[in-house]
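Please open the structure in your viewer and keep the selection panel at hand.

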Amino acid sequence: MTGHSERLARLAQGWDEAAKGYEAYYVPRFAPWVDAAVRAITARPLPDGPVLVPCCGTLPELDALSEHLPDREIIGIDLSRGMVRRARERATRYPRVSVVEGDASTPAAHGLGRSAAVVSVFGLQQLPEPDMAIQAWARNLRPTGRLSVLFWPRSIEADGPFARLSEVVRRHEPSSGDSSWEDRLVPSLAALGTVIERDEQLSFPMSHPDAATFFDAHTRSGPLRPLADQRGDAFVSRLRAEFLRESPAGEWHHRPSARHIVARG
Ligand SMILES: C[S@@+](CC[C@H](N)C(=O)[O-])C[C@H]1O[C@@H](n2cnc3c(N)ncnc32)[C@H](O)[C@@H]1O
């Protein structure tokens, strides 16, 4: 296995193990962002063709997509078999929805052809080369097709559980912080002639019962699961102790801010 495919395999396995808890803990908390991302492609008429949902996870985008675009073919793509299985369960009632297991960085490799729209929520920041991936997604659009990509940027909040946990992780994993790709997203799209319609920050309130519940959800059922699996229990216990030492007691309310890019092919 090459370094690249090893990294993907580790990520897929982490998300397989996270899938059940992710659906329970994060899907309800992320719902306002999912809704906003879908609304950005359904607000105006779309050209013919499928709607592509790269990094679909359990496919929480489906409810809003099927409500606004009931007859549209929808194709989810996710790396994780566990996520794909849950997404397919969610889609059983919808004959025009399919879910592909694979790397969403290069959707053309899945033979998906040209799309009416691409909508992706909280997947881009996990890809090895997000600026290349967003370009590949935009290349998949038909003329006048729409792209709506929401992701966690380098600066999510000044203070709050996401910021504090990133800070603790960075102390142990300094290389985890390269976010220079963010500055290349808009130029990558512009180079294709894609028209940027919106580039905005979207923040909504979120709550956690307490710091420990948040930490356990994030490391067992969220984006830190692949790292937790790789580094093992002793590492996670050290992180947990550090994080809890620096966290407030009781319910934790915050207002994380995601970046949303909406563009037209
Ligand atoms: C935070 S979840 C987001 C899922 C869903 N879009 C949502 O809003 O709840 C991120 C997903 O990205 C997937 N992912 C990460 N890297 C990927 C890749 N290279 N190709 C496809 N999916 C990937 C993970 O398996 C995971 O399901």
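Which helix gives the most to the shell around the ligand? It is helix H1, residues 3-42, with five residues. Please bear in mind that this is a predicted model.

**The ligand**

Select the ligand and the residues around it. There are 21 of them, and the closest are Tyr22, Glu61, Asp78, Asp103 and Ala104.

Next, display the nitrogen atoms of the ligand. One nitrogen atom is 2.8 Å from an N or O atom in the side chain of Asp103. A backbone N or O atom of Ala104 lies 2.8 Å from a nitrogen atom of the ligand, and a polar backbone atom of Cys55 is 2.9 Å from a ligand nitrogen atom. Taken alone, the ligand exposes 590 Å², of which the protein buries 99%.

**The aromatic rings**

Now turn to the aromatic pairs, which number 18. Select Trp33 and Trp152, an edge-to-face pair with 5.5 Å from centre to centre and 65° between the planes. Trp33 belongs to helix H1, whereas Trp152 lies in the loop between strand S5 and helix H5, 119 residues apart.

Are Trp152 and Phe162 buried or exposed? Both are buried.

**Charges over rings**

Finally, select Arg29 and Tyr25: Arg29 lies over the face of Tyr25, 3.7 Å from the ring centre. Then select Arg231, whose charged end sits over the ring of Phe235, 4.1 Å from its centre.

Methods
Residues are numbered from 1 along each chain as its sequence is written. This is a predicted model: local features need pLDDT of at least 70, side-chain atom pairs count only at pLDDT 80 or more; totals for chains, interfaces and linings use all residues. Side-chain values use heavy atoms; hydrogens and water are left out. A residue is near a molecule or strand if one of its heavy atoms lies within 4 Å of it. A polar contact is a pair of N or O atoms within 3.5 Å; within protein, one must be able to donate a hydrogen and the other to accept it, and residues adjacent in sequence count only if both atoms are side-chain atoms. Accessible areas come from the Shrake-Rupley method with a 1.4 Å probe; for residues, only the protein chains shown count as cover. Helices (H or I, at least four residues) and strands (E, at least two) are DSSP runs, numbered from the N terminus. Rings of Phe, Tyr and Trp (its six-membered ring) pair if their centres lie within 6.5 Å; planes under 30 degrees apart count as stacked, over 60 as edge-to-face and the rest as tilted. Buried means under 20% relative accessible area, exposed over 50%, partly exposed in between (1.4 Å probe, protein chains only). A charge sits over a ring if NZ of Lys or CZ of Arg is within 6 Å of the ring centre and within 35 degrees of the ring normal.
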